[in-house]
Amino acid sequence: MSFNVLIVDDSGSMRAIIKKIITISGFQMDQCLEAENGREAMEVLSKSWIDIIISDINMPEVNGLEFLDQLRKSETLKEIPVIMITTEGSSERMQEAFDRGAKGFIKKPFLPEDIKKILFQVIGVSENGGYIEDSGSVDECDF
Amino acid sequence: MEDTLRIQEVLMNAIFEVFEKMFFVFLEPVDEDVKYDMIASINFTGPVSGEIDVMLTSDLANSMVQNMLGVGEGGVTRKLIEDCVKESVNMVGGNFLQKYDSSKVFDLSIPVFKDESAVFTKTDAIENTWNLSFESSEGLLGVKMSFS
């Protein structure tokens with residue numbers, strides 16, 4: 001089974017490094033689509049099937065939290081798991097993201113292992129391909 | 001005074017962590033002036049507000065892109081350098097604020113990048129301003145943070 005991933009970040013270099021990490025992590029990725037902010041991400045989602053979203057918070061136009069709100073309003077999109085990846089690491093901001101539907105949280109700067117670990121946990125698949133019974137919400141990796 | 005030194009230590013730790021983890025650049029604090037080629041800035045608001053500027057040489061910025069993305073010199077574009085340098089000040093800002101007080105919520109602005117050549121001098125520091133200079137094998141870095 002392979003997954004379509006959408007990476008939402010206004011930084012092209014950050015999108016590139018996240019894509020590279022996922023590619024070499026062993027995660028079964030089919031397509032990797034990209035968007036520069038929440039507005040572009042909604043456009044991508046209107047045209048393509050996405051299994052998991054990795055999104056920054058601090059972005060122009062439509063930021064990551066507003067993007068989560070837009071996803072939650074859509075019956076067809078609200079079940080897509082979203083991992084927030086951001087520099088903003090206060091516990092209150094993390095809770096705000098979880099309350100709006102985020103399933104995982106990674107703080108920048110990160111190590112490749114951090115993304116790999118949380119990606120497998122959120123999608124509910126172990127690294128050897130087996131299913132994890134209840135992935136639930138995943139707190140940030142331990143830095 | 002104690003608070004000033006603590007803030008400086010927190011800022012330095014945030015800078016070290018960002019540059020080592022994301023860019024594989026190992027920094028050493030120095031007292032030198034930094035003749036920089038570009039600058040990225042970010043503002044933060046919350047229980048305290050302020051601004052952080054990151055000033056770099058072209059050589060350092062080039063190495064950051066190459067190290068982060070695993071590309072050769074030919075793979076480094078102007079856009080990637082701009083993105084990378086903006087991301088560095090974004091991460092330094094976020095990492096500093098989290099280490100400074102993770103129980104409080106701060107808002108970070110969108111980082112701004114400028115091609116600007118000038119000299120950053122550590123001795124310019126004034127109250128509520130922290131000026132730090134670093135060297136690495138890839139080039140020099142200056143960081144200025146001010147609380148408003």
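## A bridge in the sheet of chain A

In strand β3 of chain A, A:Ile54 is the bridge partner of A:Ile7, strands here being DSSP runs of E of at least two residues and helices runs of H or I of at least four residues, both numbered from the N terminus. Strand β1 (residues 3–8) and strand β3 (residues 52–55) of chain A run parallel and are joined by 4 bridges; two strands count as paired if DSSP finds at least two bridges between them. The model is a predicted one, in which local features need pLDDT of at least 70 and side-chain atom pairs count only at pLDDT 80 or more, while totals for chains, interfaces and linings use all residues. Residues are numbered from 1 along each chain as its sequence is written, and chains are lettered from A and ligands numbered from 1 in the order in which they are written.

The open sheet of chain A has 5 strands in the order β2-β1-β3-β4-β5, with parallel pairing. Its edge strands, each pairing on one side only, are β2 (29–35) and β5 (104–107) of chain A, and the twist averages 20° from one strand to the next. Helix α5 (residues 112–123) of chain A packs on this sheet, where α5 touches β1, β3, β4 (82–86) and β5 of chain A, and its direction makes about 175° with that of β5(A); axes are lines fitted to C-alpha atoms, for helices over the stretch in contact, and angles run from 0 to 180 degrees between N-to-C directions.

## Chain A as a whole

Chain A has 5 helices and 5 strands, and from the N terminus on its elements run β-α-β-α-β-α-β-α-β-α. Of its 143 residues, 43% are buried, a residue being buried if 20 or more other C-beta atoms, placed from the backbone, lie within 10 Å of its own, exposed if 12 or fewer do, and partly exposed in between. Among contacts (C-beta atoms, placed from the backbone, within 7 Å) between residues of chain A at least 6 apart in sequence, 61% join residues at least 24 apart.

A:Met1 lies in the segment before β1 of chain A and is exposed, because 9 other C-beta atoms lie within 10 Å.

## Chain B as a whole

Chain B has 3 helices and 7 strands, which follow one another from the N terminus as α-β-β-β-α-α-β-β-β-β. The radius of gyration of chain B, taken over C-alpha atoms, is 15 Å, close to the 15 Å that the globule rule (2.2 Å times the number of residues to the power 0.38) gives for 148 residues, so chain B is as compact as a globular protein of that length. The C-alpha trace of chain B spans about 45 × 30 × 25 Å along its principal axes.

Not counting residues up to four places away in sequence, B:Val92 touches B:Ala14, B:Ile15, B:Val18, B:Ile52, B:Val54 and B:Val143.

The contact between the chains takes 27 residues from chain B and 19 residues from chain A. On the side of chain B that touches chain A, the largest share, 12 residues, comes from α3(B).

How values were computed. Contact = placed C-beta atoms within 7 Å.
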